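Please look over the model below with me. My notes follow as numbered points.

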Amino acid sequence: MLPTLAVQNDMVWIASKYRYGRGVEVGDMVSFGHPCMPGQLAMKRVAGMPGDFVMRDVYQDGNDTMLQVPEGHCWVLGDNLTESRDSRTYGPIPLGLVKGKVVAKYHFSPFQFEWFRNNLQRPAPVE
């Protein structure tokens, strides 16, 4: 999740009230059980919720395939798009794997604490 989270020393606060994707929106960072490595957790940013349309992989190979996120799933992307293994690799993840929403990060040397805010806004309805 570079540059949002450092490789070393950054710790996160995960709010479990968002478990199973309840209240999660596009732009939120979530923790989830990794779909390809059982027992491992991953953190990525939500790029699509059920029913949303997303571009499959336009950044890496020019593939401009658009797909619709299936019901009960979300589409996640890492902040470092060129190096991230995310839904472009393993597809949409089931909301049942979502453990919570990452709401803050902190580290102890020196102590720093930062709340995460989702600054994305829903587009205005098309008339």
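1. Start with Trp-13. In this predicted model, Trp-13 has a relative accessible area of 42%. Buried means under 20% and exposed means over 50%, so Trp-13 counts as partly exposed. Trp-115 is also partly exposed, at 44% relative accessibility.

2. Now the aromatic pairs. A pair of rings is described by the distance of the centres and the angle of the planes. Rings pair if their centres lie within 6.5 Å. By this rule there are four aromatic pairs. Take Trp-13 and Trp-115: their ring centres are 5.2 Å apart, and their planes meet at 40°, so this pair is tilted.

3. Which strands hold these two residues? Trp-13 sits in strand β1 (residues 11-15), and Trp-115 sits in strand β9 (residues 111-115). The pair therefore ties together parts that are 102 residues apart in sequence.

4. One aromatic cluster is formed by Trp-13, Tyr-106, Phe-113 and Trp-115.

5. Lys-101 lies over the face of Tyr-18, 4.6 Å from the ring centre. Arg-19 lies over the face of Tyr-20, at 5.4 Å from the ring centre.

6. Last, Met-43. This residue belongs to strand β3 (residues 41-48). Is Met-43 buried, partly exposed or exposed? Its relative accessible area is 26%, so Met-43 is partly exposed. Beyond its neighbours within four places in sequence, Met-43 has contacts that include Met-1, Leu-5, Val-12, Phe-32 and Val-102. The C-alpha atoms of Met-43 and Lys-99 are separated by 9.8 Å, with the two residues 56 residues apart along the chain.

Note on methods. Residues numbered from 1 in each chain as written. Predicted model: local features only at pLDDT ≥ 70, side-chain atom pairs only at ≥ 80, totals over all residues. Heavy atoms only, no water. Phe/Tyr/Trp six-rings, centres within 6.5 Å; stacked < 30°, edge-to-face > 60°. Helix = DSSP H or I, 4+ residues; strand = E, 2+ residues; numbered from the N terminus. Buried < 20%, exposed > 50% of the residue type's maximum accessible area, 1.4 Å probe, protein only. Lys NZ or Arg CZ within 6 Å of the ring centre and 35° of its normal. Contact = heavy atoms within 4.5 Å.
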